[in-house]
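Hi,

Here is the structure I promised to pass on. Have a look first, and my notes follow below.

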Amino acid sequence: MESHPSYALLSELTTKYPRTAGSLLQTYNDLKLAQQWEDLEVFEVPSCSRGAFKGQRPNTTAVLYVIPCSLSESLSLSWFRDAFEDMGKPPHIYLAINAEDSNIVYYKLSPGIVKPPV
C-alpha cells in the first residue's frame, strides 16, 4: 500500500487509523481516478475513527461527502449521527462500502426519516 502514488496524501490518516486504511485508499482511488471527482479533499472524522472525503462530481458545483467503511464493519445509528455531526451536518452523506474484492457500493444517507422520491 505504501508504494501506491495515492498513499502519500492519505498516509497521516492511514497511520492513525490502520483498520480503515484499505477502505480509505480504495475509496480515494475510485473517486479520484475512476469517477474523476474534482476538488477532492480528505479530512478526519474523529468520532468514527477514520478519514472521509468531500468533493464534487465532474461538471457540478454541489459539494458531496463520502465516508468509507468495510463490508465487515458493524455500524450503528449513533455512529451515523456522529458522522453527520463531525461533517458539519450536510443534507446527506455517501457511505462507501468496500468489499474484499475491491468493489465499492455507495449508499446515500440522510439524517432522520426522508420520504423517497416518487
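A term before anything else: I call two residues in contact when they have heavy atoms within 4.5 Å. This is a predicted model, in which local features need pLDDT of at least 70 and side-chain atom pairs count only at pLDDT 80 or more, while totals for chains, interfaces and linings use all residues. Residues are numbered from 1 along each chain as its sequence is written, and side-chain values use heavy atoms, with hydrogens and water left out.

Let's start with W37. Setting aside neighbours within four places in sequence, W37 is in contact with L31, K32, G55, Q56, R57, P58, L64 and V66.

Q56 sits in strand β2, residues 50-56 (strands are DSSP runs of E with at least two residues, helices are runs of H or I with at least four, and both are numbered from the N terminus). Q56 counts as buried because its relative accessibility is 14%; buried means under 20% relative accessible area, exposed over 50% and partly exposed in between, using a 1.4 Å probe and protein chains only. A polar atom of the Q56 side chain lies 3.1 Å from the backbone oxygen of T61.

Now the inside. A nonpolar core here is a set of buried Ala, Val, Leu, Ile, Met, Phe, Trp, Tyr and Cys residues joined through side-chain atoms within 4.5 Å. The largest one has 15 residues, and L10, L31, W37, L40, F53 and V66 touch the most other members. At least two residues come from each of α1 (7-16), α2, β3 (64-70) and β4 (93-98), with α2 giving the most, at 4 residues. There is also a second, separate core of 14 residues, with A52, I67, M87 and L95 among them.

Helix α2 covers residues 21-34, so 14 residues. From first C-alpha to last it reaches 19 Å, close to the expected 20 Å (that is 1.5 Å times one less than the number of residues). Its buried residues include L24, L25, Y28 and L31. Just after α2, Q36 takes a positive phi of about 55°.

Finally, which cysteine sulfur is closest to that of C48? The one in C69, and at 10 Å it is too far for a bond, since a disulfide needs two cysteine sulfur atoms within 2.5 Å. The count is 0 disulfides. C48 is buried, at 3% relative accessible area, and C69 is buried at 2%.

Cheers

Terms used: A polar contact is a pair of N or O atoms within 3.5 Å; within protein, one must be able to donate a hydrogen and the other to accept it, and residues adjacent in sequence count only if both atoms are side-chain atoms.
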